[in-house]
Amino acid sequence: MIELPVIPATPTQRKPDWLRVKLPVGKEYRHVRSLVDEHKLHTICESGNCPNMGECWGAGTATFMILGNICTRSCSFCAVATGRPLPVDMDEPNRVANSVKLMQVKHCVITSVDRDDLKDGGSTIWAETIHAIRRESPGTTLETLLPDFKGQWENLERVIAVRPEVVSHNLETVRRLTREVRIQAKYDRSLECLRRISAAGLRTKSGIMLGLGETEEDVIEAMQDLYDVGVHILTLGQYLQPTKAHHPVIEWITPAQFEKYQKIGLEMGFKYVESGPLVRSSYHAEKHLFDMQ
């Protein structure tokens, strides 16, 4: 198989033109922006400087992070703080639900830090947050971007039981780079997590970052692994280094290569493949709700 060209990244090299982001605009975006500012609401879209914030907010989609902002893991790609998390805020489900209602979110994506310090992995708060959003905003659809719960599957089952419309767990990188990029995660454990989600009859989603040093063969192997465990929706995007202390960008993957991966994924049988330099886990999340039959 012939690989399309990639552009090696160097510490002093500026980002390619295709990674430039347009300023957010539009009536719906301005409405959400004003609510966030006025009520001091917290979204990952904003705190993570997501390049697609304007587009997603304009479509009525927003992403919230629960269970605090300190993670028990130290992945080399992630800018979230690592350390000892604060105690669980038992009122958090209600506060998130109120924010979703206030912002009039049509499709809500919920994610969290890893809480390996908790016996339930945070799954009780996960389930209560989903219940609270459904109570306050019954018309809002939900996507949950879950951790792997350290393979303690009873905790995963607690979230599966409340049946969000889409359930996601990111593979993040290829098998060969997992120990380097996700030192406390396991490639096969992530696949098992996704297999269990799919086996429960839920729309199942995963994502991979590119530009960390993987080859085309690595990526296709990971795509096939995800398809084989029942993943329906796949996202592929360019990794961007949060700080100098994080894993460096090894390559800038060209738009043409992303298009090639999208074609390969659709030919494999994925229902949806979002593949592009600026694609992130929740990109076009609201479009992944159609019948998967």
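F270 is buried, with a relative accessible area of 4%. Buried here means under 20% relative accessible area, exposed means over 50%, and partly exposed lies in between (1.4 Å probe, protein chains only). The model is predicted, so local features need pLDDT of at least 70 and side-chain atom pairs count only at pLDDT 80 or more, while totals for chains, interfaces and linings use all residues. Residues are numbered from 1 along each chain as its sequence is written, and side-chain values use heavy atoms, with hydrogens and water left out.

A search of the whole structure finds one aromatic pair. The ring centres of Y227 and F270 lie 5.5 Å apart and the planes meet at 70 degrees, so the pair is edge-to-face. Rings of Phe, Tyr and Trp (its six-membered ring) pair if their centres lie within 6.5 Å; planes under 30 degrees apart count as stacked, over 60 as edge-to-face and the rest as tilted. Distant parts of the chain are linked by this pair. Y227 sits in helix α9 (residues 216–228), and F270 lies 43 residues away in the loop between α10 (255–268) and β11 (272–275). Y227 is partly exposed, at a relative accessible area of 32%.

F270 also belongs to the largest nonpolar core, which has 34 residues. A nonpolar core is a set of buried Ala, Val, Leu, Ile, Met, Phe, Trp, Tyr and Cys residues joined through side-chain atoms within 4.5 Å. I208, L210, M223, L226, L234, L236 and F270 touch the most other members. Two or more residues each come from α8 (187–199), β8 (203–210), α9, β9 (233–238) and α10. Helix α9 gives the most, with five residues. Leaving aside residues up to four places away in sequence, L234 touches S206, I208, M223, L226, F270, Y272, V273 and E274. Contact means heavy atoms within 4.5 Å.

A second, separate core has 32 residues, including I66, C71, M103 and L202. C71 is buried, with a relative accessible area of 10%. C193 is also buried, at 0%. The disulfide count is zero (a disulfide is a pair of cysteine sulfur atoms within 2.5 Å).

Across the chain, there are ten helices and eleven strands. Helices (H or I, at least four residues) and strands (E, at least two) are DSSP runs, numbered from the N terminus. Buried residues make up 53% of the 293 residues. Among contacts between residues at least 6 apart in sequence, 76% join residues at least 24 apart.
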